[in-house]
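User: I would like to learn how to read a few features of a model. Please take me through them one at a time.

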Amino acid sequence: MANPGLWIALLVAFSGVLSTGESSSSDTNTVFSPCSDTLVQRSDGFTFGIAFSARTSFFFNNSLELSPCDRRLSLSSAGSQISVFRPRVDEISLLTVNTSNFQPDSVGGYMVAFAGRRYAARSVLAFVANSTYTVTSFTLVLDFRKGRLQNMFFKRDGCASCAGRSSFVCLNNQDCAIRTNNCRNRGGSVDCSIGIQLTFSGTDRHERVLNSWYEVQNLRQYSLFNLYANLRDSLTSQYNRFF
């Protein structure tokens, strides 16, 4: 059962999907909590979460890194916020967290992807924002073995996506960032919604290979940024019409 204190806020999250091959409308996975364990096959929905908080909030006794599903972390008292997604297994998903009413730096500026409890998996800490810079684009890989989630990796592109974009700066030779005061939620003109390109690797419960991460690796010689940006803008504008 999920930690009751974990569900502090469910951020507005959108997803768009690009199929990489075989697809099915059936979803055999009946587990919907990101803090529960499950086995999946291709085209199942898979629920995972992303927690936003201060760097220190993800450590127990300032030394042991734990999953946000672990009750020993005090995320609720730290003002953390959670976004929950349910993409299709082995499809490339373009996920967006709308930041029109949410400032990542206000809750600590870092994020961790997580899923599972007994078989808990979590990503390493990823910097999102502080009062100076905001990173808006990420690639996350979910790695499975025989349908069980094993690892979650944020993949860096070495700032390749910064090329030719004068408004962005390269942080630590890893991430492209924009100055936070240029974001709309800070009075600027740039939509700084957080975008996550999600892919899969490994094998499903039937030991079929999950290929979407390798598809993205092959496509990186082309630009996926414009495709993602157009989809994100479309989804965000649709949300704003209703709210």
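User: Which classes of residue make up the lining of the second largest cavity?

Analyst: A cavity is a set of points on a 1 Å grid over the protein atoms alone where a 1.4 Å probe fits but cannot get out, and lining residues have an atom within 4 Å of a point. Ala, Val, Leu, Ile, Met, Phe, Trp, Tyr, Cys and Pro count as nonpolar, Asp, Glu, Lys and Arg as charged, and the others, Gly among them, as polar. Here the lining of the second largest cavity holds 4 nonpolar, 5 polar and 2 charged residues. Among them are Thr99, Asp105, Cys183, Arg186 and Cys192. This cavity has a volume of about 50 Å³, volume being the space filled by probe spheres set on the points, with points joined across faces, edges and corners.

User: How many cavities of 30 Å³ or more does a search of the whole structure find?

Analyst: The search finds 2. The largest cavity has about 70 Å³ of space, and its lining includes Thr38, Phe46, Tyr119 and Arg148. By class, that lining divides into 4 nonpolar, 3 polar and 2 charged residues.

User: What pLDDT does the protein average?

Analyst: This is a predicted model, in which local features need pLDDT of at least 70 and side-chain atom pairs count only at pLDDT 80 or more, while totals for chains, interfaces and linings use all residues. Residues are numbered from 1 along each chain as its sequence is written, and side-chain values use heavy atoms, with hydrogens and water left out. pLDDT is the predictor's confidence in each residue, from 0 to 100. The protein averages 82, and 79% of the residues score at least 70. Over residues 1-14 pLDDT stays under 50, as it does over residues 235-243. Where pLDDT is low, the predicted coordinates should not be read in detail.

User: Is Asn29 buried or exposed?

Analyst: Buried means under 20% relative accessible area, exposed over 50%, and partly exposed in between (1.4 Å probe, protein chains only). Asn29 counts as buried because its relative accessibility is 4%. Its side chain reaches the backbone nitrogen of Val31 at 3.1 Å. Beyond four places in sequence, the contacts of Asn29 (heavy atoms within 4.5 Å) include Thr38, Phe46 and Arg86.

User: What is the phi of Asn172 near?

Analyst: Most residues other than glycine have a negative phi. Phi of Asn172 is near 55°, a positive value. Asn172 is exposed because its relative accessibility is 68%. Glu207 also has a positive phi, near 65°, and is exposed at 52%.

Terms used: Polar contact = N/O pair within 3.5 Å; in protein donor to acceptor, adjacent residues only side chain to side chain. 1 Å grid on protein atoms, 1.4 Å probe; cavity = no way out; pocket = protein on both sides within 12 Å on 5 of 7 lines; lining within 4 Å.
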